[in-house]
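Have the sequence and the structure open as you read.

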Amino acid sequence: MNYAIETHQISKVFGGTVANDRINLQVIDGHIHAVLGENGAGKTTLMKILFGEEQPTAGTIKIHDEPVKISSPAEALRLSIGFIHQNFTLVNEFTIGQNFALGIEPIKNLIMADYDSVNKKTRDILDLLDMPLSLEAPVGSFSVEERQIIEIGKALYRGAQILILDEPTSVLTPQKIEKLLDILRRLKKEGKTIIMITHKLEEAFSIADEISVLRKGALVATMARDQVSRDQLIRLMVGEEPLSVVEKSPHEFGDTLFEVKDLCVRVGGRDMVKHVDFEVHRGEIFGLTGVGGNGQAELVEALTGMRPVSEGEIRFNGKSVVKWDIRKRRLAGMAYVPENRITRGTAVTLSVLDNLVMGHHYRPGFHSGFVLNQNAMETFAEALIRQYEVVASSLEINAGSLSGGNLQKLVIGREFSMETPFLIVAYPSQGIDIRTTKYVQSELIRRRDTGCAILLVSGDLDEIFSLSDRIGVMYSGELVAITRPEETNRFELGQYMVGSRRNR
Ligand SMILES: Nc1ncnc2c1ncn2[C@@H]1O[C@H](COP(=O)(O)OP(=O)(O)OP(=O)(O)O)[C@@H](O)[C@H]1O
Ligand SMILES: [Mg+2]
């Protein structure tokens with residue numbers, strides 16, 4: 001067999017954590033290889049080693065049968081390996097070409113960067129990716145999905161033949177995921193080898209030739225897609241029988257706790273949210289869905305106080321909160337699990353402990369007089385870490401050193417544990433493994449059953465479907481439909497989502 005990459009007994013130890021444990025990974029040349037595994041399984045670490053961003057504690061690597069030492073990303077690129085990170089690395093102020101050529105600009109007349117040739121090559125790559133984007137616009141003006149593909153373009157520009165993508169679809173809507181998978185299939189036809197980390201089995205099945213599963217740092221199996229079932233994969237990932245689906249009892253809502261009336265949000269002269277009305281009752285999960293970019297993000301930002309409203313009213317517990325800042329809304333009992341938990345939800349330079357008690361400082365028992373009670377805070381933080389299975393070697397380490405998913409669990413644990421009467425939760429299962437997703441979902445149901453009003457924002461129709469009591473769909477800034485799971489179906493929701501139908 002012709003392998004693009006072979007690792008032999010690769011291990012990586014961080015302090016007391018074995019992130020990779022004697023991994024023998026074989027990636028067939030010209031194939032698409034999916035890598036699955038729970039949060040903290042060691043997927044990103046292994047890929048960083050292949051890209052020279054981390055050095056293995058032990059083990060060796062071969063690229064096309066040649067033993068190599070990948071001492072740096074520059075060396076990885078020289079070996080034709082490109083890495084598209086979990087978090088974007090583009091410079092927003094620069095154009096696509098400037099980003100592609102950053103640090104490797106060709107020189108014209110001995111001194112001037114030759115952007116004509118950069119832009120020509122950039123255009124060819126964008127054509128290959130079927131992305132006719134402006135070469136003049138700054139990268140920051142493009143959508144998330146466009147930037148994701150620009151990241152791929154950047155790796156190609158730099159000569160990557162082996163492309164590694166770390167959860168590329170976690171930030172994309174279903175339609176955009178399909179488009180990205182199509183692009184990857186096309187790159188495979190061009191002879192590229194692709195490794196893609198994902199948490200979604202369906203993506204692995206739809207695109208991969210081989211699927212590898214990592215668990216607790218070890219490679220537990222690599223299988224041809226045609227020879228493995230979904231149940232088998234789940235068992236390999238979690239190491240036990242699959243957990244059951246979320247069970248939810250029918251029950252009566254209480255009175256209205258949260259109310260949005262005729263809400264409009266204008267961003268840079270564009271109407272992003274248009275005359276939105278809805279209410280959330282005590283004991284209700286109101287699911288808000290839609291294709292990304294249809295105003296959900298701006299709506300949530302307005303509801304939490306991060307963005308001013310241009311018109312309309314937000315009422316919580318009978319009071320108008322429109323003029324309140326984020327802090328005041330939180331203290332009043334509006335907890336919030338943000339979509340981008342890495343930039344919004346955590347202070348990555350603070351310790352795990354500080355992050356967990358953030359917003360909890362007013363808790364009785366956490367202070368006596370002016371002095372914070374360290375023991376009480378630690379006990380509290382340790383309990384959360386156990387409950388949400390956050391993998392952290394200690395409470396003192398920087399939150400920034402946790403894996404992406406573990407950071408997310410930390411924020412979810414903190415916000416849920418406030419036991420507030422109202423909870424806004426955006427994309428709870430994004431970037432989180434199956435087991436934690438199930439736990440988070442059961443916690444949402446438990447909170448609902450004890451009377452909490454919950455606004456759940458998610459693009460995952462299965463999640464919206466199984467959790468919500470009522471479902472609202474946004475399209476082009478409007479709330480075009482409100483329905484109930486028992487009254488609708490996937491196709492109809494899809495119609496609302498693309499704007500071909502509405503019920504309001
Ligand atoms: N720089 C680091 N310092 C200390 N520990 C680390 C570091 N990077 C990763 N780890 C730990 O190594 C383990 C594997 O992390 P890694 O990021 O590879 O997981 P992952 O499979 O990518 O998870 P996720 O799905 O959550 O992104 C985790 O326990 C993580 O906390
Ligand atoms: Mg990762």
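## Two helix pairs

Helix α4 (residues 115-128) and helix α5 (residues 144-157) have axes that come within 10 Å and cross at roughly 120°. Keep in mind that this is a predicted model. Angles of 65 to 115 degrees would count as roughly perpendicular, and α4 and α5 are therefore oblique to each other. As for handedness, α4 passes α5 in a right-handed crossing.

Who does the touching here? On the α4 side we have V118, K121, T122, I125 and L128, and they meet G153, L156 and Y157 of α5. Sorted by class, this contact has 5 nonpolar, 2 polar and 1 charged residues.

Now for the other pair, α14 and α15. These two pack at an angle of about 15°, with their axes 12 Å apart. Since angles under 35 degrees count as roughly parallel, that makes α14 roughly parallel to α15. Their crossing is left-handed. From α14, the contact uses K409, I412 and F416, while α15 brings in T436, V440, E443, L444 and R447.

| Pair | Angle | Axes | Handedness |
|---|---|---|---|
| α4 and α5 | roughly 120° | within 10 Å | right-handed |
| α14 and α15 | about 15° | 12 Å apart | left-handed |

Let's stay with α15 for a moment. Helix α15 covers residues 434-449, 16 residues in total, and spans 23 Å from its first C-alpha to its last, close to the 22 Å expected at 1.5 Å a residue. Which of its residues are buried? The list runs T436, T437, V440, Q441, E443, L444, I445, R447 and R448, so charged side chains are on it too, as Glu and Arg count as charged.

Over in α14, E415 is worth a click. Is E415 buried or exposed? Its relative accessible area is 0%, and buried means under 20%, so E415 counts as buried. Leaving out residues up to four places away in sequence, E415 touches R330, A335, Y336, V337 and L423.

Technical notes: Residues numbered from 1 in each chain as written. Chains lettered and ligands numbered in written order. Predicted model: local features only at pLDDT ≥ 70, side-chain atom pairs only at ≥ 80, totals over all residues. Heavy atoms only, no water. Helix = DSSP H or I, 4+ residues; strand = E, 2+ residues; numbered from the N terminus. Expected span 1.5 Å × (residues − 1). Buried < 20%, exposed > 50% of the residue type's maximum accessible area, 1.4 Å probe, protein only. Contact = heavy atoms within 4.5 Å. Axes fitted to C-alpha atoms, helices over the stretch in contact; angles between N-to-C directions. Parallel < 35°, antiparallel > 145°, perpendicular 65-115°, else oblique. Left-handed = near helix turned anticlockwise from the far one by under 90°.
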